[in-house]
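Subject: Handover of a structure

Dear colleague,

I am handing over a structure to you, together with a short account of what was found in it. Please look at it first and then read on.

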Amino acid sequence: MYAIETHNLTKKYSEKRVVNQISLKVKKGTIFGFLGKNGAGKSTFINMITGLTIPTEGSYSLLSNKDMTLKEKRTKIGVLPDYSTFYDDLTAIGHLKYFSKILGLNLSKEDMIETLKSVGLEDAINQKAKKFSFGMKKKLGIAQALINKPDLLFLDEPTSGVDANAILNIHEIINNVAEQGTTIFLTSHNLDEVEKMCDEIAIMDKGVIRTQGTMEQLKNNYQNNLTVSIKHGTLLEGTSKTLEQELHALGTNIQMAKNKTSIVVSDEDTIPIVNKIFLNMEIDVFRIEVDEPTLEEIFLNTGETKQTA
Ligand SMILES: Nc1ncnc2c1ncn2[C@@H]1O[C@H](COP(=O)(O)OP(=O)(O)OP(=O)(O)O)[C@@H](O)[C@H]1O
């Protein structure tokens, strides 16, 4: 059922709780997006469940196993760290040989070639890493994370710093891996990527999860921040001030130009009231648009004091 389940997982450095009692569930077979500003605690959280850091408190289970040993982790879990290190004079296949040895895997040359093909490196199998572009290095990092055919794959910033074409390639690789049933835990600062690819998303801030759900659930939780944009006739002198005063009672973030006004309201019922103000003031309304919140808005407004859910 769950690929990852944590219960009150906590990490303290000195007295600071950088991960504070996180209880998170990630369904098997999904692509899960894990977001948070720099320093939110994402890597520390991942490091605890992948075995790099010991939790101060709390527990976790991976692939429904509460006591997964390091050896089992090596065979069932793949990790692309935020930056991978490669050896200049080692070829792509040389890297896979080296890593399979470290992991104690008994892989054939064909297995490794197949993995390199799956990430689009079929033309670079015997090429040394020093000749690799940044995008190719990311793909090699993903190949390394995939050599054990993991059931659970952690990808930390898989597309950071690569060009648009390589981003599309990497998205295709991730989708192919997910289609084969692997659960993917994806950390990214690219919110479009997360919105496009992830079945579920959690947003972390100052060591805690502020909100979690499908994109639709996140948007619904956030519906108390609707941006209403009104295209209207030119405001007469003196009208702007009165209009602004009237609108102030209904919402926030009022932006006014000669023919366009926008306001952020907290519920749908306020939209017709905004419209009525324009009608009562005999200002022609040509168009009213209501913006669905983007993941970026939800992300930027998810914090200690701005939480909406
Ligand atoms: N070994 C450590 N000792 C002390 N503090 C640490 C240690 N590792 C991380 N921290 C602190 O824990 C907090 C969370 O760091 P973490 O790297 O987990 O954040 P992050 O969300 O992964 O950030 P980024 O997006 O920049 O990678 C930061 O304030 C960091 O300085």
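An open sheet is formed by 6 strands in the order 6-7-8-4-9-10, and its pairing is mixed. Strand 6 (77–80) and strand 10 (208–213) stand at the edges with a single partner strand each, so one side of each has no neighbour in the sheet. From one strand to the next, the twist averages 15 degrees. The model is predicted: local features need pLDDT of at least 70, side-chain atom pairs count only at pLDDT 80 or more, and totals for chains, interfaces and linings use all residues. Residues are numbered from 1 along each chain as its sequence is written.

Some terms need their cut-offs. Strands (E, at least two residues) and helices (H or I, at least four) are DSSP runs, numbered from the N terminus. Two strands pair if DSSP finds at least two bridges between them. In general, strands of a sheet pair through backbone hydrogen bonds, either parallel or antiparallel.

Strand 9 (residues 200–205) and strand 10 run antiparallel and are joined by 5 bridges. D205 has V208 of strand 10 as its bridge partner. Helix 5 (residues 134–146) lies across strand 6 and strand 7 (152–156), at about 160 degrees to strand 6. Helix 6 (residues 164–179) also packs on the sheet, where it touches strand 4 (31–36), strand 7 and strand 8 (183–187), and its direction makes about 150 degrees with that of strand 8. Contact here requires C-beta atoms, placed from the backbone, within 7 Å. Axes are lines fitted to C-alpha atoms, for helices over the stretch in contact, and angles run from 0 to 180 degrees between N-to-C directions.

Strand 1 (residues 2–13) and strand 2 (residues 16–22) are likewise antiparallel, with 4 bridges between them. K11 has V19 in strand 2 as its bridge partner. The two strands form a hairpin with 2 residues between them, and S14 in the turn has a positive phi of about 55 degrees.

Most residues other than glycine have a negative phi. L63, however, has a positive phi near 50 degrees. L63 is placed in the loop between strand 5 (57–62) and helix 2 (70–76). N253 counts as exposed because it has 10 C-beta neighbours inside 10 Å.

Finally, the domain assignment gives domain 1 (2–220) and domain 2 (226–292), with bounds from an automatic or database assignment. Their centres, taken over C-alpha atoms, are separated by 46 Å.

Yours sincerely

Methods: A residue is buried if 20 or more other C-beta atoms lie within 10 Å of its own, exposed if 12 or fewer, and partly exposed in between; C-beta atoms are placed from the backbone. Two residues are in contact if their C-beta atoms, placed from the backbone, lie within 7 Å.
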